[in-house]
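Colleague: I am new to reading protein models, and I would like to learn how to go through one feature at a time. Could you take me through this one slowly?

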Amino acid sequence: ILAGTFTQNTLPIIVNNYKQTGGVFMGGAANMTVNGNLNLSAGAIFYAPTQNMTFTAGNFTNAGVFKPQTGTAVFNANATLTGQTTFFNFTAGPAAITLTFAAGSTQTITNNFTISGSNSLNLMDLRSTSPGNPFFLNSTGPDVISLVDVRDSYATGNILASPTPSTTTGNTSNWVILQPATQASSFGTTDTSPQTRIVQNDPV
């Protein structure tokens, strides 16, 4: 889109790459699938579909205005996210993929934040584009996080918690790894707390 307004209405859209340098994309009550890169230039205004917007490959670059409406961004493959973006629902996986976020950028999730790797041997990696320099996740809604390996990430909204075998591998803030509940003690009592926090902040 170069100029003007494109209105999706209820038409499902599948594109290989999506590039918008101006104008307005008005997402509707239908899905959109991007099989390559999404690139919003300065001056572009993009209202996301109110259903699923699924990324099967490529990167997400936002230098324009991204309006999430009430839709869900779904990442099913390795991707680099550049720019400051607010999502309504953000879902990734379950898959052993790497999501790389621009160092210094903030991604905001106002509703459901749901991410997961494949299994204990195939975690999802969350990384910064510049090792040692963090990216920021501002999640303010319900979080469901499992099977992740997190590095160079500061949580600025909710404290983000995930049970083992998830792990943090350096330079994290307000990430918590939860271990299973303690079983019976030598006195025959049982710790009834479902999980115990064992990691919150990691040094660089």
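Modeller: Please keep in mind that this is a predicted model. Let us begin with burial: Leu-147 has a relative accessible area of 16%, and it counts as buried because the cut-off for that word is under 20%.

Colleague: Where does Leu-147 lie, and what is the value of its phi?

Modeller: Leu-147 is placed in the loop between β20 (143-146) and β21. Its phi is near 55°, which is a positive value in a residue other than glycine.

Colleague: What can be said in this way about the phi of Asn-171, and is Asn-171 buried or exposed?

Modeller: Asn-171 is not a glycine either, and its phi is positive, at about 60°. This residue sits in the loop between β24 and β25 (172-173), and with a relative accessible area of 3% it is buried.

Colleague: Now I would like to understand charged side chains. How many salt bridges does a search of the whole structure find?

Modeller: The general idea is that side chains of opposite charge can pair when their charged atoms come close. In this structure, the search finds 2 salt bridges. One of them brings together the side chains of Asp-149 and Arg-127, at 3.2 Å from N to O. This pair links distant parts of the chain, since Asp-149 belongs to strand β21 (residues 148-150) and Arg-127 to strand β18 (residues 124-128), 22 residues apart.

Colleague: Which residue meets Arg-127 in a salt bridge at 3.9 Å?

Modeller: That is Asp-125, whose side chain meets the side chain of Arg-127 at this distance, again counted from N to O. Through shared partners, the salt bridges join Asp-125, Arg-127 and Asp-149 into one network.

Colleague: Finally, I would like to look at the peptide bonds. Which residues does the cis peptide bond with omega about 5° join?

Modeller: That bond joins Gly-93 and Pro-94, and Pro-94 is found in the loop between β14 (89-92) and β15 (98-101). The peptide bond from Thr-164 to Pro-165 is also cis, with omega near 15°, and Pro-165 has its place in the loop between β23 (160-163) and β24 (167-168).

Note on methods:
Residues numbered from 1 in each chain as written. Predicted model: local features only at pLDDT ≥ 70, side-chain atom pairs only at ≥ 80, totals over all residues. Heavy atoms only, no water. Salt bridge = Lys/Arg side-chain N within 4 Å of Asp/Glu carboxyl O. Helix = DSSP H or I, 4+ residues; strand = E, 2+ residues; numbered from the N terminus. Buried < 20%, exposed > 50% of the residue type's maximum accessible area, 1.4 Å probe, protein only.
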